[in-house]
Every structure is written in C-alpha cells, then in structure tokens.
Amino acid sequence: MPALRLAPPMTLAVEGDSFGGPVDFGWTDDQVALRQGAVGFASRRLADGVIERDRDSVFSRDLWDACADFGLQGILVPEEWQGGGHDTLSAVAVLEGIGYGARDNGLVFSVASHAASCAGPLVEFGSEDQKSRWLPGLANGTSIGATAITEPDSGSNALALATTAVENSGDWILDGSKTFVTNGPIADLFLIYARTGASGFGGITCFVVPRDADGLAVGPAMDKMGIRTSPISQVHLDGCQVPGSAILGGVGSGAMVFSQTMDLERLLVMAPAIGVMQRLLERCVGHARERTVGSVPIGKQQVIAHRIAEMELELEAARLLLYRAAWHRTHSGAATRESALAKLAVSEAYVASCRTAIQIFGGYGYMVDYELERELRDAVAATLYVGTSEIQKNLIAGLRGLG
Amino acid sequence: MANEIKPGIEAEEVEGRIISFVKRELLGPGIPVSLDEDLLSGGLLDSLGALRLATFVEGEFQITVQPSDFVIENFRSVAALAEYVRRSIGREGAGAPDTGN
C-alpha cells in the first residue's frame, strides 16, 4: 500500500475575513506525519546520482516507480481508483517535504506535473468511464501523463490555439503541433487542447488521447538549461482520430478545464520549491557558521548575515502565500488569484534564493559538485513553466479589471 | 410574491444582479446582453472575464464554485449561470458536504 494512503484527508473549517482570507494554517497530525514521511523517502531515494543524470539528461524510470510506490503520482486520485485521496493542501505539504529531501528537481517536477495537469483534471472533470479507464494507471505510476496545450506560435497566450479538432461521424480528428510538453517523450497518456469552435473562450475542447493513437507522434527530447531529468518534447497530430468519449469536460469547456488545472498545477509544482529553499537556507546558515576568514566565521559579517535574513524573509512570505492558496482551493473553490500570487512569489523567491546561496558559497557555489549551480538552473524554469511571471501578473491585475 | 432563496436574495433577481455585473465590469455599459446570449462561444467574455464572473457569483450569492462546476454548461449565458446559482444555493442550503479537491 502506498505510504501516502495511511492518513485520511484533513479538515479545516476556519474562515478568514475579506481583507486577506484565511489565516489558520494549522496542520493536522496526519499532515505533519505525511510531510515528515515525504522528507524521509526523498532523502533516501531521490538525493543520489543527480549530478550524472542532470549532465546526461536522464529520466529515471526506477525512481519514478519508487515515487509511485510511495503514492506521489496518485496523491489526488480517490482511493477507489488506487490513489491516496488527498486534498490540495495535504498534497502541498507532501510535495514540500519531497522538495526538501530530494535533489532531483527534474524528476519531482515530472511527478508533480503528472499529478496536477493530467490526473488532476481527470479526477475533477472525467466521466465515470474515463476515471475507471485511466486513473488507476496514472495513480500507480504504470501510466505516465502529460498535458499538451502550448503551441509553437501561441507564445505566452496558451489559449491562442491553432490545433483543431473536427467532428466526423461521432469521432474527432485532431490536427496541429504542440511544444514544451512536459513528460512528452515518456508519456502514455496526453490531455490535448484543441479548437473545436469559434475564436471565443468557449471554442476550446480537451481530449484524452493515448500515445498509441493513430496520427499522434512524439518528437525527440529537447535539450534544456535546467530540470534536465524531466524530459520535454513536441507532440504532432496529423489526422489523429479519437472517439467522442475522449472529450474531457464537454465540448467547448476546454478553456475552463485548463483554467482550473492551472490553479492546481501552480500549487503542486511550486510546493517542492519551498522545500528546496528551506534546504538551501539551512545549508547557507551552516556554511556561514563554519566557513571562516581570518578565523572569523563569515556569518559574523553583516553582509552575509543580512543576505541570509533576506532568504528567510522571502521563503516565509512565499510559503504563506502557497499555503493560503492551497487552503483556499481545498475549502473555497476557485483559487486563480491566490494561486497566481503564490506562483509568482515562490518562483521569484526560488531564483533569488539560489543566487544568494551561490554568492554566499562564493566560487565553491559555482562548482558542479556543490550542487548549487544546478539548483539555480532548475529554479529559472519555475519563472517560465505553468505561466511565466509576466502571465501571473496579467492574471492578478486582470482579475481586478486591469490590463 | 417574493421568493427569498437566501437572506437578502430573491430567486427572481439573480439574473438582474448577474447582468448588472456583466455590463458594468466585463462588457461596458453600452453593450447589450440578453439572458440567453452565448457569452463564451460568442467571444463576449475571455478567460479572465469568465474567472471574474465566477468570483463575482461566489461573493454576491455566497456560494462556492467547485472546480468541476466551472464548465461551459454553467457559464454559457446569464440564464444558465442564474440557474446554476439557484441550484448551488439549494444544494449548499441542504448541507451538501464540501467536496473541494
């Protein structure tokens, strides 16, 4: 039985006021145990050999399977489909612990993306048939999920789709190309967004497409700067025919499915970053105490001490935004504003934290063996995936009727 | 005779409150919108507009729009959204459990 099935979903029922939302972030004993278990698992299984896998861009199927055995891939999937049945807040707690214990940020990103952008929408919008067909495999990790929405010419506007799906005697024919598909080279199942109607918001539909569907071709893995253990590729659709039962959430609901999926994915993919920042902070404090110049620890110098204080400030602020957004999504429904604020804060703090850590370690921080330069390369991706920092600002301002 | 479905909210005025918000905040006062007009496929609302509409009905009618409820059937038109609001109030008033993910 996956370790993450041991605890039931938590419950919190404290409402905040209209000036900032809930303020009670108390964790249940079960959630604390889940997070501690995640730290232990990730420290034992996901912390070794990362320098080599990063250098060679190697995705480890063995470690993917270990994560599945632990229950990560199915963390949001109800127990009746072999998942852990946890809510968003509990999942964030677990993934924070994973980020703290692991070193393989790419693998963790692949797992979080699978759980949030493929299994997540199937849980929320899938028909009973779709759930029973696809969720058990996604939950136990035997099937790898991916989402294909971004297109070569769509830029940061993910909904500006050129890929089309045309109905033909009850089936649908998909044509177009997708790019930056996380898990693309290894995925067994794709959620593919295509235009099925007019240019409006209601003209997009989401399809569940298995890898072996005729007319679907996966491009070669794309080389990239960071999270190199998470494979990414293009996906091409050339007359790809799927049945009407492949539609997720109804014809024309694709943009809404995508919007809700992004709310969830912003939280789940950023939760590990909080754990990474906590680990970096502790490393920097330790280094500042131990490293001496002229027999004086460098932490005695205000320039070093203040930078560490700033790391802690940014970490805690980002952490609270993430917890609040996860709480909001668990208990209050839509959380676009909250998740966009959290994603923006965490990703930017993540990059800043990595840069500070390298500065504090000096030349050693630039060396591969110290594993800080890789953290920075991995962190930069966080300001780009699941909507760039600029897109998050567009969302936040747009929800105020601006921009 | 007024049919109060929640303190301060009568069933007959749900459509009016939604139309008022759509005109004031999303379309602009000079653009007409009818009860059954397709807001989404017709291109009247973009993704942010739909999200703002969801946020509005949550606050205005004190309901929770679950992620799985954020689908085209419920937001296609003012009439469809008003019906969804009334249904949600009835469901939540009956003590339906929070099924948030």
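Helices (H or I, at least four residues) and strands (E, at least two) are taken here as DSSP runs, numbered from the N terminus. By that numbering, A:Gly286 lies in helix α7 of chain A. The model is predicted, so local features need pLDDT of at least 70 and side-chain atom pairs count only at pLDDT 80 or more, while totals for chains, interfaces and linings use all residues. Residues are numbered from 1 along each chain as its sequence is written, and chains are lettered from A and ligands numbered from 1 in the order in which they are written.

A residue is called buried if 20 or more other C-beta atoms lie within 10 Å of its own, exposed if 12 or fewer, and partly exposed in between, with C-beta atoms placed from the backbone. A:Gly286 is exposed because 11 other C-beta atoms lie within 10 Å. Its C-alpha atom is separated by 33 Å from that of A:Ala68, 218 residues apart along the chain.

Helix α5(A) is mostly covered, with 21 of its 21 residues buried. It reaches 29 Å from its first C-alpha to its last, close to the 30 Å expected at 1.5 Å a residue; the expected span is 1.5 Å times one less than the number of residues. The helix bends by about 35 degrees at A:Ala119, and A:Pro121 follows within four residues. The bend is the angle between axes fitted to the seven residues ending at a position and the seven starting there.

A:Ala119 also belongs to the largest nonpolar core, where it is among the residues that touch the most other members, as is A:Val346. Such a core is a set of buried Ala, Val, Leu, Ile, Met, Phe, Trp, Tyr and Cys residues joined through C-beta atoms within 7 Å. This core has 148 residues, and α7(A) gives the most to it, with 17 residues.

Strands β2 (residues 164–168) and β3 (residues 171–182) of chain A run antiparallel and are joined by five bridges; strands pair if DSSP finds at least two bridges between them. The two form a hairpin with two residues between them, and A:Ser169 in the turn has a positive phi of about 55 degrees. A:Val166 has A:Ile173 in β3(A) as its bridge partner. On β3(A), ten bridges also connect to strand β7 (residues 232–243) of chain A in the antiparallel sense, with A:Asp171 opposite A:Pro243.

Finally, the contact between the chains takes 32 residues from chain A and 28 residues from chain B, contact meaning C-beta atoms, placed from the backbone, within 7 Å. On the side of chain A, α5 (105–125), α7 (254–290) and α8 (302–332) each supply at least two residues.

Technical notes:
Contact = placed C-beta atoms within 7 Å.
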